[in-house]
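Student: I am new to reading protein models, and I would like to go through one slowly with you. Could you show me how to read its features, one after another?

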Amino acid sequence: MITPRKLLFIIVVLALAVSVQTAPNFGSAPMSDSRAAALKEGATPAGESSSQASEWEQIRIPTLPPFRPQEPRRLELPNGMVIFLQEDHELPLIRGTARIRGGSRNEPAAKVGLVEIYGEVWRTGGTTEKTGDELDDYLEALAARVETGGGGDWSTISWDCLKDNFDAVLKVFVEVLQHPEFREDKIPLAKGQINTAIARRNDQPSSIATRQAQKLGYGADSPYAREPEYATVAAVTRDDLVKWHQTYVHPNNIILGVAGDFDSKTVEAKLRSAFGSWPKGPAPVPLQLAFNGPKPGIYFVEKGDVNQSNIRMVGLGTRRDNPDYYSIDVFNQIFGGSFASRLIEAVRTRKGLAYAVGGGIGTNFDHPGLIQVSMGTKSTTTAASIQALYEEIDRLKSDPPTAEELKKAKDSILNSFVFRFDTREKVLTERMT
């Protein structure tokens, strides 16, 4: 349950002054008071026929057809590699993405930034056969791409090509996946990009607030709150990149998804030929972390060159396997996750304290998300804004969501649901996740 005593604030004196202007009215004149009154009473406005006033009510909503997205075909090789194949013949393209368990949450605290450097140099450093620059030239001639990256929970390697070039691009993909070289001359460039980001990370006030919210919510030493520093980036060596690859890149630690214009049986045979003899590696060690939640309090981060405040109220959320996950989804929609939410209606529309305000209970797959309520306001209205947020949290108990709010929230979720699966590639991505 969200209660004021279980939350904490981050108040950052932030953001440049913003001039408030009346939003332009595009395409329609304002409604007259007499017409608005007539519509409110259910009467026909003067000058309109009853058919004009109610013709929208005559629109018949057809029964929606059954929604049956095409499921990708799943197969597992003897070495443990999981492959999903999703045929989609709309365009002559084939795309593939391999997700490899193991991300920045697994890197040593003294070398934060390792996975980001790894994700860059994995591709730019080339393979034992070709340099990264040579791969660039070869793939550009085929209008194709092979890209790598490192994230919080996993690393990725992907390709994108015309179906006629699939065999050639798959060969490059396999080489980069299994035989990267991590050439030394590409490492300083990757480090320089991270160092530039470090130097500029306090430029945007919202970035400061987000970063500090993570640190207070999870703890400053948590893998989900750590940030690269100059010293941790400098500590990463080529040997670290090689060791990381040897530790995590094994077929039994990979999910590969392929979508595009192909015949599943033909592509399956090619993938079995490419990966079937790859030996199985050691099982990854599950990450064991404790989450104690933030220490209640009020925390200030001063930024004196701006005249607004960025406010975060933070608490520990939950995981997506929580039985209340679907209730949480609906709650978030009502409370602060939509333009029709209570926070928007009360804090922005009625009280005029913020342009952007929102919040809800965060959920993640295998670790807790964060409860966050956030807004930006003028420095002079900081206290009033905090009070307004408290009032809306308290109102959840004194004035629970109404049946109408519940219906609107459910309708919004259900009506947008189909757009998560309106392409076959989105269905594949969801299944892989």
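Student: Which backbone oxygen does the side chain of Ser 385 reach?

Tutor: Before I answer, please keep in mind that this is a predicted model. The side chain of Ser 385 reaches the backbone oxygen of Thr 381, at 2.8 Å, and Ser 385 itself is found in helix H13, which covers residues 382–398.

Student: Is Ser 385 buried or exposed?

Tutor: A residue counts as buried when its relative accessible area is under 20%. Ser 385 has a relative accessible area of 0%, so it is buried. Leaving aside its neighbours within four places in sequence, Ser 385 is in contact with Ile 311, Leu 353, Met 375 and Thr 377.

Student: Where does Thr 318 lie, and is it buried or exposed?

Tutor: Thr 318 lies in strand E10, made of residues 318–319. With a relative accessible area of 18%, which is under the 20% limit, Thr 318 is therefore buried. Its side chain makes a polar contact with the side chain of Asn 322, at 2.9 Å. Once neighbours within four places in sequence are set aside, the residues in contact with Thr 318 include Ile 328, Gly 362, His 367 and Pro 368.

Student: How many residues does the chain have, and what percentage of them count as buried?

Tutor: The chain has 433 residues, and 41% of them count as buried. Its accessible surface comes to about 24500 Å², with 53% of that belonging to carbon and sulfur atoms.

Student: How should I read a nonpolar core, and which residues have the most contacts inside the largest one?

Tutor: The general idea is that, in soluble globular proteins, nonpolar side chains tend to be buried together. Here the largest nonpolar core has 49 residues, and those with the most contacts inside it are Trp 159, Phe 173, Leu 177, Leu 256 and Phe 275. Helix H5, residues 166–178, gives the most to this core, with 8 residues. Apart from this core lies another, of 20 residues, among them Ile 371, Ile 386, Leu 389 and Ile 393.

Student: What does Leu 177 touch?

Tutor: Not counting residues up to four places away in sequence, Leu 177 touches several residues, including Ile 100, Trp 122, Ile 157, Phe 275 and Trp 278.

Student: How do I read a sheet, and what is the order of the strands in the open sheet of 6 strands?

Tutor: In general, strands of a sheet pair through backbone hydrogen bonds, either parallel or antiparallel. In this model the open sheet of 6 strands has the order E2-E3-E7-E4-E6-E5, with mixed pairing. The edge strands are E2 (73–76) and E5 (145–150), each of which pairs on one side only. Within the sheet, strands E4 (residues 93–101) and E7 (residues 254–260) pair in the antiparallel sense over 7 bridges, and Arg 95 stands opposite Ala 259 in E7. Helix H3 (residues 114–124) packs on the sheet, touching E4, E5 and strand E6 (154–162), and its direction makes about 165° with that of E5.

Student: In which sense do strands E9 and E13 pair, and over how many bridges?

Tutor: Strand E9 (residues 308–316) and strand E13 (residues 370–378) pair in the antiparallel sense, over 9 bridges, and the bridge partner of Met 313 in E13 is Val 373. Strand E11 (residues 357–361) also runs antiparallel to E13, to which 5 bridges join it; there, Gly 360 stands opposite Gln 372.

Methods
Residues numbered from 1 in each chain as written. Predicted model: local features only at pLDDT ≥ 70, side-chain atom pairs only at ≥ 80, totals over all residues. Heavy atoms only, no water. Core = buried A, V, L, I, M, F, W, Y, C linked by side-chain atoms within 4.5 Å. Buried < 20%, exposed > 50% of the residue type's maximum accessible area, 1.4 Å probe, protein only. Helix = DSSP H or I, 4+ residues; strand = E, 2+ residues; numbered from the N terminus. Contact = heavy atoms within 4.5 Å. Areas by Shrake-Rupley, 256 points an atom, 1.4 Å probe, with all protein chains shown as cover. Polar contact = N/O pair within 3.5 Å; in protein donor to acceptor, adjacent residues only side chain to side chain. Pairing = 2+ DSSP bridges. Axes fitted to C-alpha atoms, helices over the stretch in contact; angles between N-to-C directions.
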